[in-house]
Amino acid sequence: MEFISDDLKSYLLKYCDPEDDLLKNIDRETNLKVSMPRMLSGHYQGRVLSMLSKMIMPDRILEIGTFTGYATLCLAEGLNANGVIHTIDINAELEDMVRANFAKSPLNGNIAYHIGNAVRIIPEINEVFDIVFIDADKKNNGTYYSLVIDKLRSGGVIIIDNVLWSGKVLDEKTDTNTAIITNFNKMVSEDQRVEKLILPVRDGLFIVRKK
C-alpha cells in the first residue's frame, strides 16, 4: 500500500531541505549495490529524522539497525558538539561500505559503529540516551524496546520504523510478521510510561516520548 500519491511525494520533497551530496551518494550506491535497498530511510524520512534530532539536540543517540548509514548520518546532524551516536548492525558484510560512508562525513568522529547482535551489545553500552531509533529485525522490536526504555532519559524519544507495515496492519487476516508489528504497536499504546503517536511517514514512524 502507498499512503500518499507520487505527486504528493514530489511536492513534499520540493518543500523540504535537500539531501547533501554524501547522502545522495549513499542512496544511489545502496540502490545499485545492496539487496533490499528499500530498507534505506531515504530523503524525506531522513529529513524527518534530522529535524527531530535537531529539535531535541541530543548528547547521546542509539540506533538499532545501521544498514548503509543513511539514517545514522541524518540523526547525527542534531548532535551537540561532543555528542555520540551509537549505531548497531549485525551485517558484517556491509561494514566496509558503511565505514567508508562515515569516513566521508565531518560527523565521523561522533559515530560509534558496533557490529554484532544488538541484544548483546545494548546492555554493554553504558549510556543514557536522548534518542533511540529502532529499525532492525521487526521480530525483536519488543525486545529492543524493553532493553532501551530504562536507558532513555525522561523526555527522551524512541522512534520505531515500519510500524504500518505497508498497510497490512489494517488487514483482518494477518501473516506472522504483520501480527508481530500489530502486537508491538498494541504493547506501546498500552505503556503508561510514555506518550506516543504514529506518524504516517513512509512506512510509519512510532514516536514515543518517555514521561
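Keep in mind that the model is predicted.

I'll start with the aromatic rings. Searching the whole structure gives three aromatic pairs, and I'll go through two of them.

The pair I take up now is Phe102 with Tyr113. The ring centres of Phe102 and Tyr113 are 5.7 Å apart and the planes meet at 85°, so this pair is edge-to-face. The cut-off for that label is over 60 degrees between the planes. Where do the two residues sit? Phe102 belongs to helix α5, residues 95-103, and Tyr113 to strand β3, residues 111-115. They are 11 residues apart, and the pair links distant parts of the chain. On accessibility, Phe102 has a relative value of 3%, so it counts as buried. Tyr113 comes out at 10% and therefore also counts as buried, given that buried means under 20%.

The other pair is Tyr145 with Phe184. Here the centres of the rings are 6.0 Å apart and the planes are at 80°, so Tyr145 and Phe184 are edge-to-face too. Tyr145 is in helix α7, residues 141-148, while Phe184 is in helix α8, residues 176-189. The pair therefore ties together parts of the chain that are 39 residues apart in sequence. Both Tyr145 and Phe184 are buried.

Next, the cysteines. How many disulfides does a search of the whole structure find? The count is zero. As a reminder, a disulfide is a covalent bond joining the sulfur atoms of two cysteines. Cys16 takes part in no disulfide, and its nearest cysteine sulfur belongs to Cys74, 10 Å away. The criterion is a pair of sulfur atoms within 2.5 Å. As for burial, Cys16 has 19% relative accessibility and so counts as buried. Cys74, at 0%, counts as buried as well.

That leaves the charged side chains. The whole-structure search returns 13 salt bridges. I'll pick out a few.

Is Glu95 buried or partly exposed? With a relative accessible area of 23%, Glu95 is partly exposed. Arg99 is partly exposed too, at 40%.

Lys138 and Asp135 form another salt bridge, and its closest N and O atoms are 3.0 Å apart. Lys138 is buried, and Asp135 is buried as well.

Then there is Arg193 with Asp191, whose side chains meet in a salt bridge at 2.9 Å, N to O. Which of these two is partly exposed? Arg193 is, with a relative accessible area of 43%. Asp191, by contrast, is buried, at 9%.

Finally, a network: salt bridges link Arg47, Lys54 and Glu77.

To recap the counts, the searches give three aromatic pairs, zero disulfides and 13 salt bridges.

How values were computed: Residues numbered from 1 in each chain as written. Predicted model: local features only at pLDDT ≥ 70, side-chain atom pairs only at ≥ 80, totals over all residues. Heavy atoms only, no water. Phe/Tyr/Trp six-rings, centres within 6.5 Å; stacked < 30°, edge-to-face > 60°. Helix = DSSP H or I, 4+ residues; strand = E, 2+ residues; numbered from the N terminus. Buried < 20%, exposed > 50% of the residue type's maximum accessible area, 1.4 Å probe, protein only. Salt bridge = Lys/Arg side-chain N within 4 Å of Asp/Glu carboxyl O.
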